[in-house]
Structure formats: structure tokens, C-alpha cells
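Here is a guided reading of one structure. Please keep the sequence and the 3D view at hand.

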Amino acid sequence: MQIDDVEDVEIRLLLEGVQRIYGYDFRDYADASIKRRLNHWLAESGFDTFSQAQSQLLRDRSVFESLLRGITVNVTEMFRDPTFFRAVREQVVPFLKTYPFVKIWHAGCATGEEAYSMAILLNEEGMAGRYRMYATDINEAVLQKAGEGVMPITEMQRFTRNYQKSGGRASFADYYTARYDRAILSPALKKHIVFAPHNLATDGEFGEMNLVLCRNVMIYFKPALKERCLRLFDSSLLPGGFLCLGLKESLERRKMGERYEELAAPLRIYRKRYG
Amino acid sequence: MARTFQAVVVGVSTGGVHALQKLLGGLPAAFPLPILIVQHIGADADGGLAKLLDERCPLRVKEADEQDEILPGTAYLAPPNYHLLVEREGFLSLSADPYVSFARPSVDVLFESAAAVFGPGLIGVVLTGANFDGSRGLKTIKNKGGVAIVQDPADAEAPQMPQAAIAATGVDYVVALDGIATLLQKLAARRNTIPHDEKGRDD
Ligand SMILES: C[S@@+](CC[C@H](N)C(=O)[O-])C[C@H]1O[C@@H](n2cnc3c(N)ncnc32)[C@H](O)[C@@H]1O
């Protein structure tokens, strides 16, 4: 037997244990990525093997929390994929504007950059005060950061470039204050965003959404869990509502796809059909 | 030990467009193995490379989508800004994890995940490039009993990546770009049992 097989078994047992003790279910995450992340965590944790880590992991919540931080991938940016945000501005917002008030769900929002980007965009398009955003994630440490709205100043150059490419109408510098090495987002942007914990593997739907974004989250899931998420989004969305996925995720091979039309072809913006 | 090769993984950077045209162009449409490729590419690239290669090569070439089934006679290019990985069930997956070896997509990520799935059935190929990505992954491929092919640094547009790979592990073949397609066909044709000690000999 190869060493690898032993490790696969250990990982399976570990995820099983985590699910039973802490209720977090990672068993349906795609193997290749989670294995990479777990190995990375193991190397930093000081344990030699997963079996060795297991005993403490199941007894000491702080060990589990470090594992949780290690497993979830929180990489994000403001106006990530500017062409996507441009399409939202030009093709989705005109529909949203026909409602007096809209509700938006960012599932897997990480440190909040995507939600803040959307707030900037909607405010610029004249929708200030006419929306509420629910930005959720499994990882409470990143939600805490999201709520603070503070970013490294070194990121601002890249974010500014993204913003401009996405069709931004103002100067990106208007949206933050520089303080030493940090950029503090304007508090006005936070006003209509609620950050809250939500686990896509186990928790339920959010009702009556006009727009759901879940970008670069389901790529880490196995097909069955992806299916679960898509059902969740579908039951959360109003007819005529929009579903936005990451640029490499698609409804093409999914049953759910029949209920949606693709709005901006390569940008993975879908609109739920009426009836 | 019996061995049937199951897949080829390729890592390439600077000079990659030319090198891939040459390598893939030399393989027939009926090449029996899937080919998974990481070419370092800017985050904003638009999938044009896969289209170009598909037009010019007998093989089917496509940009990898999440959950693509890994099929023989097909070359999959990692999309810009995502790592490309192999799942045990014979599917591809993508990840938006941080850069690895200063790159996304990273050759190391592809090679390591493919080695875990294909073990001795994997052929790893490192081509021209001006960095070190791929050497750790190639070492993993060797550790799991796979075969390592490296483009001759003297023949490469940028020799660093091949040199780093050769320094990192015992490679089986160091070949000029021109010879790699032929070598791959030869290896892929040996689909029956091969004595383990024959490994590495170019017969
Ligand atoms: C790569 S980030 C994507 C951030 C943002 N949507 C974007 O595209 O820039 C993935 C996020 O999904 C979250 N996540 C992972 N598993 C989850 C789950 N089961 N439920 C909710 N969020 C999850 C991670 O914590 C992480 O913050």
C-alpha cells in the first residue's frame, strides 16, 4: 500500500470526526484542494500525522478553529474580474432599478471585498438606500474582518485598477481613507450590509432575493454539495432574480440550468425564468 | 512492476506558446493519454491560447472547466488565475488558492495533485521557463514512481525552469523540444507490463 492511501484514510477519518464533534461538514469538499490545504495546516501545526493531530483536534476547540481557518480559502479582491462587475452595472442593475427595494446575498463573501464593491456600484448607479445585502461565510474570523472594512494600503493600486476597468464613475480614492499602512473603507458603504455566519453545507435558504452571488466557492465542492448549493440559491431567488457564479463555474451541465437564462455569456450571470 | 501510463502533465512558462505548439503539434489526434498543462499566463488572458492550439494541433485542446472529465486525446490548459488539480474520480478541479511558487496557475500544484492520483502512471514534462515552478512537483512525481521528462536547458528559450527541475530530482529523460512528442508516443505505446528496471532507458 502506498503512503498516500494511509493519508487518504486519515483525512477521511479526520473530516468525519470534525463533522461529528463540531458540526462542520467538509466531507463533500473536492479532495485535491482540501488535501493540499490540510497538508499545509499539518505542516504548520507541529503534528507529524493527521492521526496524531486527531486526538487534540477532537478535544480542543482552538485546534479545530485553526484547522477551520486553514481549510477555508479566503482569497478575494475588490472588483475581482472587472468585466463581470461591468456587466452587472450595465446589464443587471437596469433590472434591479425597476424594484423599489432589492435584497442581495453574497454567499462565501470572505473578507467582504465583493460586497463592498457591489455597494459602491449600486450607490453610483443611484440605488443608495434601496438595497440590503446579506454577506455570509462559514469562517467567522473573516466575517469579523469584513465588518471592520480595513484593508492593506498596498492593495489599493490593484483595486483601483479593477474599479476603473469595471466602469467606475468616480475616483476610487473617494471610498477610503488612508491611515499608515491601512485603507479604511468609508462607513457609508457598510450601512446596508449585514455580515453573518452561514454554512452552505448545512444551513438553509435566505428568502426573496433579487440577486445571489456565489463566486469561487463551489469550485471547492464535490458535485453533490454543488447541487445542494444551487438548490439553496434557487429557492432563495425570486423569479426574474439573478444568480452570479465565478468565471469558471457554470450551470451548463446542471439540471438547474433549465430554469435559468444566461445573460452575459462568458461571465456566468444567470437570470431565473418566470414560472 | 506493471505499468500503464494514464496521463501526461506539462509545465511551461516563458516561451510556452511556441513550445506548446511544437509539442502538441507533434502528437496525433489519437494520442492515447490525456494531457494536462499549466502554462503561466496573465490573469486577464482570455482563453485565446487554447483556441489557437486547438486550431493548429491534431489533438483536441481546450481550456479546463471545473469538473471536466479527463479524456484521452485531449489537452487541457489551466485557465488564467486558477490552479488546475486532478480529482481521484477522474475529473479536473480548479482552485482560487493563493499563488504557489509565485504563480497561479502553478505547475507544482498540478503536478502534486496529479501524482497523488496517477502515481507511477504519470509522465511529467517540464519545458522552457524563467522561474522555478515545477521542480517540486516533478520531484513528487518521481517519488510516486512516475516518469520525468525535462526539455534540454540548452534547447530552451528560458533555461531556468528545466535547470531547476534537473537539479531537484533524478529525471529520466533530458530531451530537445523536437524529440519530446516522439518520446511521449513511445512511452504511451508501452501500455502493457514493463519491467521496473527498464524505466529510464530510452530504447
Ligand atoms: C475564494 S473565497 C471567495 C470570495 C469571493 N466570493 C470572491 O469571489 O472573491 C471562498 C470563500 O468561501 C467560504 N466558504 C468555504 N466553505 C463554505 C461553506 N460551506 N459555507 C459558506 N462559505 C464557505 C470560505 O470561507 C471563503 O471565504
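Predicted model: local features only at pLDDT ≥ 70, side-chain atom pairs only at ≥ 80, totals over all residues.

Residues are numbered from 1 along each chain as its sequence is written, chains are lettered from A and ligands numbered from 1 in the order in which they are written, and side-chain values use heavy atoms, with hydrogens and water left out.

Two packed helices are described by the angle between their axes and the distance between the axes. Helices here are DSSP runs (H or I, at least four residues), as are strands (E, at least two), numbered from the N terminus. Axes are lines fitted to C-alpha atoms, for helices over the stretch in contact, and angles run from 0 to 180 degrees between N-to-C directions.

In chain A, the axes of helix α2 (residues 31-45) and helix α4 (residues 61-71) come within 9 Å and cross at roughly 135°. α2(A) and α4(A) are therefore oblique to each other (angles under 35 degrees count as roughly parallel, over 145 as roughly antiparallel, 65 to 115 as roughly perpendicular and the rest as oblique). On the α2(A) side the contact (heavy atoms within 4.5 Å) is made by A:Ile34, A:Arg37, A:Leu38 and A:Trp41, and on the α4(A) side by A:Val63, A:Ser66, A:Leu67, A:Gly70 and A:Ile71.

A second pair in chain A is helix α5 (residues 82-96) and helix α8 (residues 156-165), whose axes come within 8 Å and cross at roughly 40°. α5(A) and α8(A) are therefore oblique to each other as well. Here A:Pro82, A:Arg86 and A:Arg89 of α5(A) meet A:Asn162, A:Tyr163, A:Gln164 and A:Lys165 of α8(A).

Between the chains, 29 residues of chain A are in contact with 30 residues of chain B. The two chains bury about 2,300 Å² between them, 37% of it on carbon and sulfur atoms; buried area is the accessible area (1.4 Å probe) that two parts lose on being put together, summed over both. A:Arg36, A:Lys248 and A:Arg253 supply 30% of the area that chain A buries against chain B, more than any other three residues.

Side chains of opposite charge can pair when their charged atoms come close. There are 8 salt bridges between chain A and chain B (a side-chain nitrogen of Lys or Arg within 4 Å of a carboxyl oxygen of Asp or Glu). B:Arg88 forms a salt bridge with A:Asp31 (3.1 Å, N to O), and B:Arg88 also forms one with A:Asp8 (3.1 Å, N to O). A:Asp8 lies in helix α1 (residues 3-22) of chain A, and B:Arg88 in the loop between β5 (83-86) and β6 (92-95) of chain B.
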